[in-house]
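Hi everyone, thanks for making the time. I'd like to walk you through a structure that may be new to you, so let's bring it up on the screen.

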Amino acid sequence: MNHGQYLERIGFQGNLAPSLDLLKKLQRTHLMHVPFENLDIHRGQPIVLDSDKIFEKVVHHRRGGFCYELNGLFFHLLATLGFQLKRVAAQVYVEEKGYGLPFDHLALLVKIDECEYLTDVGFGTFTLGPLKLQLGLEQQDELGKFVIRQHEDGQLRVDQISEGRSVPQYIFTTTAQPFEAFAEMCHYHQHSPDSHFTQKRLISLPNANGRVTLTGNELKIREGEQVHQSTLEDEAAVEAALWQYFRVKLRS
């Protein structure tokens, strides 16, 4: 792990002494510079839980990834910088289907001054900052209001509060997990027709004014309250959009 190259990739400069302030800055800059994407799944390029290969992809090739890649790599950056943290298993909520399978998602819990914080740079549209692991506390983030609640069987649930109602995002445990424990579900999400990652290619990146998302051939640009949508006519247009909006250039 060359943390200097990683920090350059996410556009961070500043004091590296472990603190809540540093964690907030690292999470935000990571999300602003590294897209959430599943492009390799639709290009037949296997994704394996190998930190060196993920580093090569995200840092050297300036790509993005999905949760196992992004939170998996972010774990190593934080550990290298001296943070105390652990990987935890989560199950994502989808309104039509309910909760996914165990190890459906990889998230991080970071311990700072005897408090733990849920940290996530691999969940698409979520929070820009860490959430304090305090049950029932409504926490305001740049992207909305969130609360962590007790779920069942010892699990916790993170909800987004939207228009007066709580919308589940995912449930998670607080048990530390080795990286390889997520390998089976990493394979599942690349090959199963039941995985939402195999349905359409996706890449998404927030910015200071909103978010840009490409789903299939549909490009959606949100700037404040304005939303612009268009259909890209061919693969040349897709490649041009990947470079223009995400600075992603696919390699053969």
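Before we look at any strands, one term: two strands pair if DSSP finds at least two bridges between them. And do keep in mind that this is a predicted model.

Let's begin with strand β8, residues 144–150, and strand β9, residues 156–162. How many bridges do β8 and β9 pair over? There are six, and the pairing is in the antiparallel sense.

Now follow β9 onward to strand β10, which covers residues 165–172. β9 and β10 run antiparallel, joined by seven bridges. Here L156 stands opposite F172 in β10. The hairpin of β9 and β10 has two residues between the strands. Which residue takes a positive phi in this hairpin? That's E163, with a value near 50°.

The structure holds one cavity of 30 Å³ or more, and about 80 Å³ of space lies in the largest cavity. Which of its 16 lining residues are the closest to its centre? They are L31, F36, G124, P206 and R211. Sorted by class, the lining of this largest cavity has 11 nonpolar residues, four polar ones and one charged residue.

Conventions. Residues are numbered from 1 along each chain as its sequence is written. This is a predicted model: local features need pLDDT of at least 70, side-chain atom pairs count only at pLDDT 80 or more; totals for chains, interfaces and linings use all residues. Side-chain values use heavy atoms; hydrogens and water are left out. Helices (H or I, at least four residues) and strands (E, at least two) are DSSP runs, numbered from the N terminus. On a 1 Å grid over the protein atoms alone, a cavity is a set of points where a 1.4 Å probe fits but cannot get out, and a pocket is an open set with protein on both sides within 12 Å along at least five of seven lines; lining residues have an atom within 4 Å of a point. Grid points are joined across faces, edges and corners, and a volume is the space filled by probe spheres set on the points. Ala, Val, Leu, Ile, Met, Phe, Trp, Tyr, Cys and Pro count as nonpolar, Asp, Glu, Lys and Arg as charged, and the others, Gly among them, as polar.
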